[in-house]
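Hi there,

Here is the structure I promised to pass on to you.

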Amino acid sequence: MYSKDKWKLENDIKRSKLILDQGLKEMNYQSEDIWFAKIKLELIGNDNIDKFNQCNLIIEEAKIKLNQYSERLIFKQVNILRFLKRYQECIELIEIEIEMNLSSSNNKNYYKYYLQLISIYEEDLKDYEKLKEIYLKSTKLFPKIEIFWILYSKFEEIKNKFIIRSRSILDQSLNINFNNDKLWEERILLEIRNNNFNQGIKLLEKSLKIIPNSARLLRIKVNYIGKTLSQKKNLFVQCLNLSNDNPIVILSIANNLIKFGKFTRAKNFYQKCIEIDKDYGDCYIYYYKYLTSGSGNNQGNDYENDKEIKEFEKQFNKNEPHHGDEWCYYLKKIDNLDKSPLQILKEASENVII
């Protein structure tokens with residue numbers, strides 16, 4: 001997009017805004033993508049302390065002028081209002097949309113309204129009684145969507161310290177979704193986190209009989225089976241073959257190699273991971289951590305190291321990844337709404353531990 005070039009390459013915010021306004025006019029204000037570009041430019045390209053209120057006004061204008069708009073616009077507005085701490089408005093907006101979409105069986109993103117309510121009641125309002133109500137309702141309404149079971153289980157484990165209840169929730173979810181590797185992964189890690197390692201490994205073996213090619217389950221195997229590098233070598237090859245070189249497995253191998261001090265080999269795996277899937281944000285986080293921590297990377301040569309980091313940042317900005325569990329966690333944080341992807345990458349890499 002021409003306006004993006006003006007913004008990113010020439011830092012001409014004013015010109016970018018004019019281009020977007022002209023684009024909206026030419027499209028008779030019916031391009032939701034241009035509206036989103038206008039919101040993004042206001043957020044990231046503006047240091048004005050009132051920019052979030054301005055973004056909310058832009059969204060209100062878009063809702064009036066667009067003949068039809070998607071739930072993405074509502075999700076964006078809710079996030080803006082959450083940043084402004086206007087929580088009751090968020091809840092009212094979501095409840096209106098839920099009511100309007102009750103009869104819409106075609107809206108595949110309908111469940112996301114409930115995810116937003118969960119975030120508000122848990123992170124912002126800390127109303128755990130209301131939160132539990134929503135968990136119970138959402139797992140009944142959307143039993144096939146694993147994220148509700150996972151969040152509900154973690155709520156019981158972390159907030160209530162009720163491990164038995166947490167285990168029961170995941171077991172119930174697996175009765176309904178027996179082939180869901182995300183639920184198996186969480187069920188296994190629940191045991192490992194709570195010092196039931198042997199039970200966790202038994203569940204891993206059971207789950208791999210059901211889903212033998214699951215990259216998520218094979219990642220657990222890479223991380224927890226074998227104590228020495230010689231024990232893990234054959235395991236690495238086996239898991240790569242079973243997963244068909246899945247980036248999730250490749251990244252877990254790279255991180256394991258770092259722990260054993262095999263920095264050059266780890267670097268090769270990081271690069272292979274990005275080469276296979278340029279949109280996998282988790283790999284960028286850990287590779288950037290490797291590059292900026294000086295772990296065997298161009299040691300003693302600051303110039304070459306800085307050059308490599310700059311090249312990597314350039315590659316990252318070009319690809320702008322959108323998926324990966326850890327990457328999406330940071331990408332969707334309300335405090336990061338007005339941060340650039342590179343700023344978010346730096347925050348994430350500082351917080352992860354290899």
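Predicted model: local features only at pLDDT ≥ 70, side-chain atom pairs only at ≥ 80, totals over all residues.

Residues are numbered from 1 along each chain as its sequence is written, and side-chain values use heavy atoms, leaving out hydrogens and water.

Start with H2 (residues 13–26) and H3 (residues 32–44), whose axes come within 10 Å and cross at roughly 160 degrees. Axes here are lines fitted to C-alpha atoms, for helices over the stretch in contact, with angles from 0 to 180 degrees between N-to-C directions. H2 is therefore roughly antiparallel to H3 (angles over 145 degrees count as such). Helices are DSSP runs of H or I with at least four residues, numbered from the N terminus. Residues in contact (heavy atoms within 4.5 Å) include Leu20 and Leu24 in H2 and Trp35 and Leu41 in H3.

The second pair is H16 (residues 263–276) and H17 (residues 281–293), with axes that come within 10 Å and cross at roughly 150 degrees. H16 and H17 are also roughly antiparallel to each other.

Finally, find glutamate 313 in helix H18 (residues 302–319). Is glutamate 313 buried or exposed? Glutamate 313 is buried, at 8% relative accessible area (buried means under 20%, exposed over 50%, with a 1.4 Å probe and protein chains only). Leaving aside residues up to four places away in sequence, glutamate 313 touches Tyr288, Leu342 and Lys346.

Happy exploring!

Conventions. Helix = DSSP H or I, 4+ residues; strand = E, 2+ residues; numbered from the N terminus. Parallel < 35°, antiparallel > 145°, perpendicular 65-115°, else oblique.
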